[in-house]
Amino acid sequence: MSEQTIRKFTERAGSLGARVFQFTNLSEAENFLSKFFKERDIKSVLVQKKLEKNFPALNQIFQPPVLDFAEAEKAQAGFMLADFGIADTGTIVQFYENDLEKLPGILPLVCLSLVFSEKIVESAEAISGFISRHLAQGKQVALISGPSRTADIECKQEIGVHGPAELIIILIEGKSD
Amino acid sequence: MKKIDPYLKAVLDNFTTNYFASRDRAFSGLDFESLRQELAEIREQSLERNQELLNQFIAQAEKLGSKVILAKDSEEANQNALNILKKHRINKLVKSKSMVSEETRLNDFLIENGIEVRETDLGEWIIQLDKEHPTHMVLPAIHLTRKDVAKIFSKKLGREITDDPALLVRIAREQLRKDIFEAGAGLTGANALIADTGAMMMVTNEGNGRLVSTIPPVHIVFTSVEKLYANLSQVFVLLKMLPRNATGQVITSYVSLIAGPHNQAQYIILVDNHRSELMADSVFKPVLRCIKCSACLNICPVYRLLGGKQYSHIYMGGIGTLLTAWIHGLEQSKDLAGLCLNCHRCDESCAVKIPIADLIIALREKLNLELGKPVFKEMIFDLVIAHQNLHQTLFKMARTARPLLKTKDNFARKLPAPFGKYERFRALPLPAEKSLTELWKTQSASTIKEQGLEVKKLQLYPGCLVEHFYPEIGIDAAKVLNRLGYQVDLIEAGCCGFPALNAGFREAGEGVLAQLMKKIKAENTIITLCPTCTLMLKRAGEKLSSQVFPFNKFIFEKELGSIQNFVPDKKLNKTICYHESCHQKHSLKANEASLELLKILAGENFIELKNADSCCGFAGSFSLDHPEISEALAMDKIYSIRESGAEVLALDCPGCLLQIKGACYNSGLKIQVLHLAQILASYLL
C-alpha cells in the first residue's frame, strides 16, 4: 500500500476522533499494548477470537488473560483485528462469523483495533465485491469510523453514548499471517 | 395560527448554520450534482424494478435464515411485530431509530398490548420519557434544551441530575445498557435492503443499532418496501451521499451490513402503507426516492421557524407532507400543504432530486379536486384570476378609490382590525395612479419608441405587481433596454396565472397562461421583471422557455460589455446590498447575474448582505394565509438589512419588493428598496 494511502487513512481516522499508532512490527505493538493497559489500569480485555488465533502471544500481554464472553459486559476494553482499513474515510472494516465477534467493538468504553498496512484500501468500492461475497454467505460486516457519538442534546457532540468512547487503531506495517 | 417559539428558532438557526458549514466540508472534492444524479437514477430504477428486487431480496434473506413478512398497512405490521414477541414469550423490546415504526405508531400499539418498549437512540429515549414524538428525522429531540433533558432524567431517576450533557450521556449509557441486556428482542430500522445478498444496511452514530441487533435473542427489522437496492455497489453510492447530506459527516461512526441471523432469530417486516399505489402514480412516484436524509428540513425556512411539532403529521416538512398524503391520507396533509413557501430550496438540497416544491403544488391540486376547494380561494382564483377582464376591472376600481386609501407616505391606510395581522409588520402598497399599460400609452410610450431601433425587438412582460403597483419599474426597464438599442413592446396582460397554479387551481392558472401566450410573438425574446412570472412562462413549453429571459440575466449575458463601457467612470454613489429572491436563485439560478452587475456598478459601495438568500416571507398568498410566519421571515430580513448599513437594497422580484419595502417602513428602517431595473436606469439614463 502506498505511503500516501496510509497517510490518508491515518489523517482521516484521526479527524473522526480515532487515535492511530503506527508500528513496524508486532513486537513493538505488543510492547505498546502492555504499557497502555498498565498505564490505564485496564485489567479485563475482551479479545476477538480471530485475533487470539493469529497472535497467540497476545495472551501473555493480558493479565489476567482473555475474558470469557459471558463476562463481556464487564470488560474495560475490547481488542479486535480489522479485516480492512479504508483510507478515504479513515474507516476500519470488520467481518463477523458470529455475533460474539462483534462484542469487543460494541460493549467496552475503550476499543483497540489492529490493522495491517497491506489491508488498507483506497475506498469502500475497492472491497465491494469482497464484502458482497461475505454477505451472500450470511456473514455480517461493520464499517467503523471513530468512536460512538451523539449530538442529540443541543446539537453538542458527545462521545461514548452506547459504544466505545475511544477508538485506538494500531497500525502495523506489512500483512497478517 | 402557528406559534413561533424563539428558543426553538434560535436552536434551529444555530444548527442550520453549523450544518451548512459541515455539509460543505463533507462534500469537498465531490461533485454533489453528479452524485445526486447517480443516486436519483439508482432510486428510480429500484422503484421501477421494485417487485423483482423484492422477490430477490425475500428469496436471499430467507435462504440465510431470516423470516420476511410483508405488511400491507400499519395495523398488519404492528400485529406481526406483536405476534413475533408473543411467539418468543418476550415482554420487553428495545429499539433503535425507526421512522417507519413512528409511521405505524408501533410503540403505542405494543404498550397497549402489555409490551415494555424502550427506545435506545438518545434523542428518541428522551422524547419517549417526555411522552412526545420526534420533531426531526435525524435529531428527534432537537426542540429540547439540556435543562429540559436534565429535568426529564431527574424525574425518571427520582433524583436531581445536573444539565451537563456529558453527564446526561453517561447516565443514558448506563440506563439503556441495562435495558438492552434485559430485552428479549431488539428492533431496528434499515436504510437499505440489498436484493442480491438479502442483507440490510443501517447507519448509526451512537452504536445502539449494533447493540440492539446483537444482544437480544430476537432481532426484528422494521422497515418499508421501497428501500430496495439491486446490490452493494448501489448502496455505497447511497452511503457516499446519506451522511454527508444528513449531518455533514463524511461517514457515520457505524455502518452495519447484516445478512441473516447469527445467534438469534431474525424477522424482517416490510411495510407497504400505500407505497405500492404511490409507486404506480406517474406524478408523485419520485417521493419514494427519498432516503430520509432530512437535508430538505434543514434548509426549509418554515421548518426552521416551526420545527417538527407543528410542521408534521409524523413525517416532517415538505417531503413529510407528500409522504403523509399517501401514507396517512389526504386529509392529514391538508394543513401541511399550505405551509410550503414554494421557495424551491428543498429541491436544491435533495439527495435524489425530488421536485418537492412542484409536487406540493400538485398535491394542492389533488386536495382541491378530492376534498373540495376552499370557498374564498375558489372565488379568487376560479372567478377573478381566471377572468382577466374582471381582474383588470377590480384594479381599475381600486385605482379610482386610491385617494381614499392613501396615507401621506404613499402606503395604504390601515385595514380594519380583523385584517390587522396582514399589515402589522408591513405597510401595504397602494395601486399606482396609472397602470403600466396606461402609462406606456401616454407619457412614456413615445419616448420609448422614438429611441428604439427597429432591428432589435423585444417584448416586455411586467407581471401584475409591476402592472398595477410598481409601473415605474416597467418604465425604467424599457428605458434601459431602449438605451441599449432595443425596441420594446409591452405585453398588455395582467396575471401570469402562477398564484392560481400555486394554490392548486391548475386549470385556472394554465387558462390565464394560455391567454397570455396569445400575446407573445413567436420570433421575439421576452423580458420579464418578476422571477415567479418567468417560472410560469417557462412552463409553457421548451420553445417559449428558450425565448424568456429575466431582465437581469438578459442584461448580464447580452449587454455586459455595453454596461461596462457605457459610462466607465460613473459608479453608484450609495452603498448597496442585494436580496436574492427565492425563485430567482433556487429555480432560475439567475441571481449571480444581478450580483455581478451590482458589483460592477457599485464597486466598493457594494455590501454583502448576510443571509442574502433567506426568504423575505412574501410568497404570494402565503403571507395572507400565514401572516405570523411571513412576519417572522420578514423581520429576519429586516435585521440583516439593518445590520448591513446599506443605503439601497436591490432585488429582482416585485413581490419581495412589496414585502421588504412595507416591512422596512413599519420598522422605521430608512432605506431605498429598488428593482434592478430602477438601479440600472439611474446609472444609464
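Buried means under 20% relative accessible area, exposed means over 50%, and partly exposed covers what falls in between (1.4 Å probe, protein chains only). With that in hand, let's walk through this structure.

This is a predicted model, where local features need pLDDT of at least 70, side-chain atom pairs count only at pLDDT 80 or more, and totals for chains, interfaces and linings use all residues. Residues are numbered from 1 along each chain as its sequence is written, chains are lettered from A in the order in which they are written, and side-chain values use heavy atoms, with hydrogens and water left out.

B:Met397 is exposed, at 52% relative accessible area, and it is found in helix H20 of chain B. Helices here are DSSP runs (H or I, at least four residues), strands are runs of E (at least two), and both are numbered from the N terminus. Together with B:Phe376, B:Met379, B:Leu383, B:Leu390 and B:Leu394, B:Met397 makes a nonpolar surface patch of about 600 Å². Such patches take residues with over 30% relative accessible area and no salt bridge, joining nonpolar side chains (Val, Leu, Ile, Met, Phe, Trp, Tyr) within 5 Å. Helix H19 (375-385) and helix H20 (388-400) of chain B each supply at least two residues of this patch.

**Salt bridges**

Side chains of opposite charge can pair when their charged atoms come close. A salt bridge is counted when a side-chain nitrogen of Lys or Arg is within 4 Å of a carboxyl oxygen of Asp or Glu, and the structure holds 49 of them over all chains.

| Pair | N to O distance |
|---|---|
| A:Asp41 and A:Lys43 | 2.5 Å |
| B:Lys95 and B:Glu119 | 2.7 Å |
| B:Glu433 and B:Arg402 | 3.8 Å |

How do their surroundings look? In the chain A pair, A:Asp41 is partly exposed at 44%, and A:Lys43 is partly exposed at 47%. B:Lys95 and B:Glu119 are both buried.

B:Glu433 lies in the loop between helix H21 (402-405) and helix H22 (436-451) of chain B, while B:Arg402 is in helix H21, so the pair ties together parts that are 31 residues apart in sequence. B:Glu433 is exposed at 63%, whereas B:Arg402 is buried at 11%. There's also a network: salt bridges that share partners join B:Lys92, B:Glu116, B:Arg118, B:Asp179 and B:Glu182.

**Aromatic rings**

The structure has 18 aromatic pairs over all chains. Rings of Phe, Tyr and Trp (its six-membered ring) pair if their centres lie within 6.5 Å; planes under 30 degrees apart are stacked, over 60 edge-to-face, and the rest tilted. A:Phe95 and A:Phe130 form a stacked pair, 5.6 Å centre to centre with 25° between the planes. A:Phe95 sits in strand E5 (residues 91-96) and A:Phe130 in helix H6 (residues 128-136) of chain A, so this pair ties together parts 35 residues apart in sequence. A:Phe95 is buried at 7%, but A:Phe130 is partly exposed at 32%.

Over in chain B, the rings of B:Trp125 and B:Phe153 have centres 5.0 Å apart and planes at 55°, so that pair is tilted. B:Trp125 belongs to helix H7 (residues 122-129) and B:Phe153 to helix H8 (residues 146-157) of chain B.

Note on methods:
Patches are made of residues with over 30% relative accessible area and no salt bridge: like charges are joined within 9 Å, nonpolar side chains (Val, Leu, Ile, Met, Phe, Trp, Tyr) within 5 Å. Accessible areas come from the Shrake-Rupley method with a 1.4 Å probe; for residues, only the protein chains shown count as cover.
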